[in-house]
Amino acid sequence: MRNLIQFFLKYIVFILFLLLEIESFVLYLKHHHYPNSVFFSSTNVVTAGVLNVSNEVKQFVNLRSANSFLSSENARLNNRVAALEQELTRLSRSEGDSTFFTYPASSPIRFLSARVVNASSNRVRNYLTLDRGSDDGVREDMGVVSGNQVVGIVKSVSRHFCVVLPLIHPSTGVSCKLRSNGYVGVLRWEPGDDSVGLLADVGRHVSVTRGDSVVTSGYTSVFPEGFYVGRVLDCELPTGATYYTIQVGLGVNYKTLSHVEIVDNKYYEEQRVLEEMLEEE
Amino acid sequence: MKNILSHLFRFIGVVLIQVLLIDQMSLSVYVRPAFYIYFLLCLPVSFPRWIELLVGFGVGMTMDSFSNTLGLHAFCCVLLSYLRPFLIQLFVNEEDRKAGMTPSLSLFGWNTYLKFSSILVVVHHCVLFCLESFSFFGFGQTIIRIMLSSVVCFLLILIFEVVKKNNP
């Protein structure tokens, strides 16, 4: 017994070293794909608070470009309002019988504005932290956009903050389509360049043109249809492959991102449950 | 007590420099110095080894919380804290290892301090970036990342040490 205790005392440092290494390695493996612990992540109050301070300084520096972005966004929305009003008056005039046309007063999609508290773009696994949490109605798997551009998907939520997997994270996959012909593929990203994504699963029979826009397909209820993802930079067809590898220049610039909107789809849960029911059978 | 407080302040300072300055600059995909290990390098020579390991783990977890990589920095920091006493034993003789001494340029001299810090910096960055990429795919990229980040981190530490030496 004494020998055993002596043995432990002699090697206590080494044993502690092994225990700590195993502990951290297991933690790393468990959280490898994305963080799901709220305490040890940037959604924690202390870390998010510190990052908030730095973000405020950065925002002040970036005010100019943020301003111009917001004003162009404003103009775009004004145009849209005008067009929709026109449409509304046209429809309400032509239809005397209102039973055929009801204007969708309650659209299932709602936007929630949020501020980027922390962002990384030069790592292998990048993340964004936003200043909205479950208290504001944010839940997992909501889409995040900036203007009309896709940013990422919410992955973990605390009370006041949430962590977003941006397009530039290896685990993110967004269903997209080519605007010109409507063929659908999945947008992925490989570590390296933070402005280039890869569009997979587009078959070899499709004609892909450089410069074509890539937009969200709307097949999943995370993003509504037609949000801008990027532009086709280059496409190649490896010999013998059935699918193109298409390089997509991403529209959103993660280095200067400061204001985003979270997409809340009222029917998300309904669609998900319905689709999962089929998979279980 | 005073000692613990000064360590605590140094810890907060180093974390803030890392999180608010270095990480926010996002210089390049290849340049991501882990400057915060300067805190671990500066722990006193006579620190009990098991406390040093726990401190390393704590520092790593703090950095992990900021960068959403639970366990990654902790793994590297515990390894660093385990290796550091061996290097001190190797480079510094018994008489110089007096109580309360901290490894520094003025204590070690240029030759020893360069060896001491460069080895630890390179080991730390090697493990950090290999574990982060977690595959041999794009290994060339990882190698470039290790080299550039280590050099920048090493230079930052030297700058701090030279300033400290000139203003004791």
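Ala, Val, Leu, Ile, Met, Phe, Trp, Tyr, Cys and Pro count as nonpolar, Asp, Glu, Lys and Arg as charged, and the others, Gly among them, as polar. Keep that in mind for this predicted model, where local features need pLDDT of at least 70, side-chain atom pairs count only at pLDDT 80 or more, and totals for chains, interfaces and linings use all residues. Residues are numbered from 1 along each chain as its sequence is written, and chains are lettered from A in the order in which they are written.

**Cavities**
- The whole structure holds 4 cavities of 30 Å³ or more; on a 1 Å grid over the protein atoms alone, a cavity is a set of points where a 1.4 Å probe fits but cannot get out, and lining residues have an atom within 4 Å of a point.
- The largest cavity comes in at about 160 Å³.
- Its lining has 16 residues, and A:Arg123, B:Asp23, B:Arg32, B:His73 and B:Leu128 are the closest to the centre.
- That lining splits into 8 nonpolar, 4 polar and 4 charged residues.
- The second largest cavity has a volume of about 130 Å³, and its lining includes A:Arg123, A:Tyr127, B:Asp23 and B:Phe66.
- Sorted by type, the lining of the second largest cavity has 5 nonpolar, 5 polar and 2 charged residues.

- A:Ile12 sits in helix H2 of chain A; helices (H or I, at least four residues) are DSSP runs, numbered from the N terminus.
- A:Ile12 counts as partly exposed because its relative accessibility is 43%, and partly exposed lies between buried (under 20% relative accessible area) and exposed (over 50%), using a 1.4 Å probe and protein chains only.

Definitions and conventions:
Side-chain values use heavy atoms; hydrogens and water are left out. Helices (H or I, at least four residues) and strands (E, at least two) are DSSP runs, numbered from the N terminus. On a 1 Å grid over the protein atoms alone, a cavity is a set of points where a 1.4 Å probe fits but cannot get out, and a pocket is an open set with protein on both sides within 12 Å along at least five of seven lines; lining residues have an atom within 4 Å of a point. Grid points are joined across faces, edges and corners, and a volume is the space filled by probe spheres set on the points.
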